[in-house]
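My entries follow in the order I checked things.

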Amino acid sequence: PAALAALAADVAAGLAALHAAGVAHGDLTSTNVLLASGRAGGESGAAAAPPLTAPPFPWTARISDYGLAAPVAGPAPASAPPYGTVTHMPPEALAGGGAGARGPTPAGDVWAYGVLLWEAAHGCRAWASMTHAQVVAAVSVRGTRLAWSPRAPRWAASLATACWADD
C-alpha cells in the first residue's frame with residue numbers, strides 16, 4: 001500500500017504540474033509512467049513530483065511520452081484526430097463527440113489517472129479481456145466502470161471513482 005501511495009502521489013503531482021503549465025497529456029497509461037531510482041526530481045524534462053517518501057521506496061514515478069500532449073487553452077479545433085489508449089479514454093472521447101472531439105483535456109487525463117490507479121492496485125491491465133470495440137461500448141454506451149476488488153485499498157478505490165465521476 002505504501003508503494004501504491006507513493007506512485008499515486010508522484011503521478012498526481014506530475015499531472016498537476018503539466019496541467020498548471022496549460023498542457024493535457026492525452027495518453028496517461030501505466031506504460032507512460034517511468035520509475036527512476038532516487039527521490040530527487042527532474043532531469044530529462046519529465047514531469048516529476050517532489051520527494052514524498054523515503055526508503056524502502058527509493059524511486060520516483062515520472063510521466064513520459066508527450067507525443068499526444070496538447071495545449072488546453074484556446075478554441076477547440078473543428079475536429080481532432082483520435083488520441084490516447086482506448087482502455088484509458090473517458091466516455092466523451094470514446095463517443096467521439098463533445099469534449100472528446102477536441103483532443104486531449106485535463107479532465108481526460110484525470111479519468112486516465114483513475115484507470116492507472118486501478119491497474120496499479122490490481123496488478124493487471126484494465127479491460128484486459130475485452131476488445132477495443134467492447135471497451136468503447138461498455139464505457140461510453142453502457143456507462144460501465146472498472147470493478148474494484150475488496151482487497152484493494154479503499155482510498156485508491158475512492159480516488160479512482162472520483163476521477164470517473166460524470167462532472
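**Entry 1, strand pairing.** I counted two strands as paired if DSSP finds at least two bridges between them. Helices (H or I, at least four residues) and strands (E, at least two) are DSSP runs, numbered from the N terminus. The model is a predicted one, in which local features need pLDDT of at least 70, side-chain atom pairs count only at pLDDT 80 or more, and totals for chains, interfaces and linings use all residues. Residues are numbered from 1 along each chain as its sequence is written, and side-chain values use heavy atoms, with hydrogens and water left out.

Strand S2 (residues 33-37) pairs with S4 in the antiparallel sense, over five bridges. Within this pair, Leu-35 has Ala-61 of S4 as its bridge partner.

I find five helices and five strands. Read from the N terminus, the order is α-β-β-β-β-β-α-α-α-α. The chain has 167 residues, and 41% of them count as buried.

I took contact to mean heavy atoms within 4.5 Å. Among contacts with a separation of 6 or more, 66% join residues 24 or more positions apart.

I defined a nonpolar core as a set of buried Ala, Val, Leu, Ile, Met, Phe, Trp, Tyr and Cys residues joined through side-chain atoms within 4.5 Å. The largest one has 36 residues, and those with the most contacts inside it are Val-11, Leu-28, Val-33, Tyr-113, Leu-146, Trp-148 and Trp-164. At least two residues of this core come from each of H1, S4, helix H2 (91-95), H3, helix H4 (132-141) and H5.

I listed the contacts of Leu-28, leaving aside neighbours within four places in sequence; they include Val-11, Val-33, Ile-63, Asp-109 and Tyr-113.

Which residues of H5 (residues 154-163) are buried? I find Ala-156, Ala-157, Ala-160 and Cys-163. These residues cover an arc of only 120° around the axis, which puts them on the same side of H5; the arc is that of the directions from the helix axis to the C-beta atoms. An α-helix has 3.6 residues a turn, so residues three or four places apart point the same way. Helix H1 (2-20) and helix H3 (106-122) pack against the buried residues of H5. Arg-154 and Ser-158 are exposed on the face turned away from the buried side.

I repeated this for H4, where Val-135, Ala-138 and Val-139 are buried. The buried residues of H4 fall within an arc of 85° seen down its axis, so they line one face of the helix. Their cover includes H2 and H3. Ala-133 and Val-141 are exposed on the face of H4 turned away from its buried side. Just after H4, Gly-143 has a positive phi of about 75°.

Asp-65 has phi near 55°. I place Asp-65 in the loop between S4 and strand S5 (70-71), and at 40% relative accessibility Asp-65 is partly exposed. Trp-127, with a positive phi of about 55°, is in the loop between H3 and H4. Trp-127 is buried, at 13% relative accessible area.

I also checked Asn-32, in the loop between strand S1 (23-24) and S2. Asn-32 is buried at 6% relative accessibility, and its contacts beyond four places in sequence include Asp-27, Arg-62 and Asp-65.

How many disulfides does the structure hold? I count zero, taking a disulfide as a pair of cysteine sulfur atoms within 2.5 Å. Cys-124 is partly exposed at 39% relative accessible area, while Cys-163 is buried at 11%.

How values were computed. Buried < 20%, exposed > 50% of the residue type's maximum accessible area, 1.4 Å probe, protein only.
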